[in-house]
Amino acid sequence: MSERPNIVFVLTDDQGYGDLGCHGNPVLKTPNIDKLYSQSLRFTDFHVGPTCAPTRSGLFTGHHANSTGVWHTVGGRSLLRGNETTLANVFKDNGYQTGLFGKWHLGDNYPYRPQDRGFETTVCHGGGGISQVADHWGNDYFDDTYSVNGVPTAFEGCCTDVFFGLASDYIREHQQDPFLCVITCNAPHDPYNVDAKYSSPYRDKVSIDRSNFYGMISNIDENVGKLDALLDELNLRENTIVIYMTDNGTSMRDDDMYTCGLRGVKGSPYDGGHRVPFFLRWPAGQLHQPADVDTLAAHVDFMPTLMDLCGFDLTQYQHLNLHGQSLKPLMTGENVDGFDRALVTDSQRLPNPVKWRYSAVMTQQWRLINGKELYEIHQDRGQTHDIASEHPQVVKQLRVDYENWWKIVSKQFDEAIPIIIGSPDEPEALLTAHDWRDPTDPRSDDPFVMESNEYLVYNQSQVRQGLGENGYLEIQIQQAGVYRFELRRWPREEVRALTQGIAHSDEGWRSDVIHPRHREMYSGGVAMPFTKAGIEIAGLSQTAAIEPDSQAAVFELNLPQGQTHLKTWFHSDTGLERGAYYVYVRLLGERSLA
């Protein structure tokens, strides 16, 4: 057995601070997580991004999300810049086995996939959630197809059970080696599909949606218990760092939700949007006695903290310019100085970031919201009494702290984050509408400008309904040559003419696990009377007529090396236009000189 500690990191999706029994939830039962809580150091003031991809970029790089290019969950701004060094890169370079099971949400194409960023073993769904556009068609949390190091592979069972089960197999396989095992559940993210045996205990106490939401957490809790038993069985418990946390505030918006007194939900700049549970247990490191750490901390501290706990010399990584700092001194009590700092989180969800947008500047005592509202967080946990007018000097200083943060994160805002085509690391790339950029390139100084949704396509339900006007993709052509582009309205696994609709059907759905709203949204599909297809890339454009029974419009173009934009379209005779939701790209050969 390795003397270096193993790491098991469990990250759940859209579970808020109050969505745990150990945090006082009067309805939800989480006995196994509660047990871990009772054996852990608990950071009670730990903050992340208000949405999923920004949180992940901060966790895996130690950098503020906006500086990594990740300030959205779609629209080409959930892709982690290629120049970022990840947690997995560092641990792999130090002899660790690295595996990730579940949600990645930092890019589905080379060079942004987890297997391109230091994880040697990966089993992931696509996009930001199961049943989103970039995910395998028809996935619904049960008996799904996931990407295994880039290869679509079918699995049986619920996604949470699958990801924990594969992680357990991975731990067994590598029990003699130091390993970094990351389990990133898609649950309890919507759609709220769950086996009735988990949701039924809550069905007569709360709404249907919340009973399913709580049922998904109960399913996670069951798997946490099995995982802990496995560590005991393999005698790995003592020298394994186990971390449990969530990626943002709760997504459940019932008026009577238990929130532990916090204001706001997922996406909010108030604490309920980004303060999350963070439990850490490591018996061999003497970090197994229950204790609360009330010092302000954040996701950018995660990477340097794990590096420090595992004995890496942080001075050897100064070139990474990590924005966070190791929390080890707070854990061990060696030195509690040096943590009097301001931290910033925000929710942009725009093509281009805007200053002060849905932002929180945080210190141990204060919260400055949107650059205007001020709350004393210890006396006003629910952030209900704005006292900015009573403390103008505090507001002034926190605004300075924000400006300093903005200088750091805004340096690369205007740089493209292109998907690479023509690489042997991804011989055929599947490009999806998930990463469409807004063709109007909107820019605003208004921090509360409405999110532009016309071009965004998140979910497969939108593909079925024919929504999303169009957008473009940022592309890097790695090799000059002849490229084949296959433009589709439906992905290949849906064998259907691109103009053809799908009849709605309730057949084939398990009513005991699939939410009725999901069955309605993810069944059927409208026909679209397209007659012409087109493509534009690297200054070249082509069009072609669409044959009635064709499943795709195929183009071959001679392309130079370099960075460019890709735009595709389907037109109808009545003026309807949509982009190709799915584009398969392959390099056929070297560029012809003719």
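I started with Cys124, which is buried at a relative accessible area of 6% (buried means under 20%, exposed over 50%, partly exposed in between, with a 1.4 Å probe and protein chains only). I noted that this is a predicted model, where local features need pLDDT of at least 70, side-chain atom pairs count only at pLDDT 80 or more, and totals for chains, interfaces and linings use all residues. Residues are numbered from 1 along each chain as its sequence is written, and side-chain values use heavy atoms, leaving out hydrogens and water.

Next, I looked up disulfides. A disulfide is a covalent bond between the sulfur atoms of two cysteines. With the rule of a pair of cysteine sulfur atoms within 2.5 Å, I got zero disulfides.

Then I turned to the pockets. A pocket is an open set of points on a 1 Å grid over the protein atoms alone, where a 1.4 Å probe fits, with protein on both sides within 12 Å along at least five of seven lines; lining residues have an atom within 4 Å of a point. I found 32 residues lining the largest pocket, with Asp108, Ser147, Gly150, Pro152 and Leu430 nearest its centre. For the second largest pocket I noted 30 lining residues, and Asp14, His189, Asp190, Ser251 and Lys266 are the closest to its centre.
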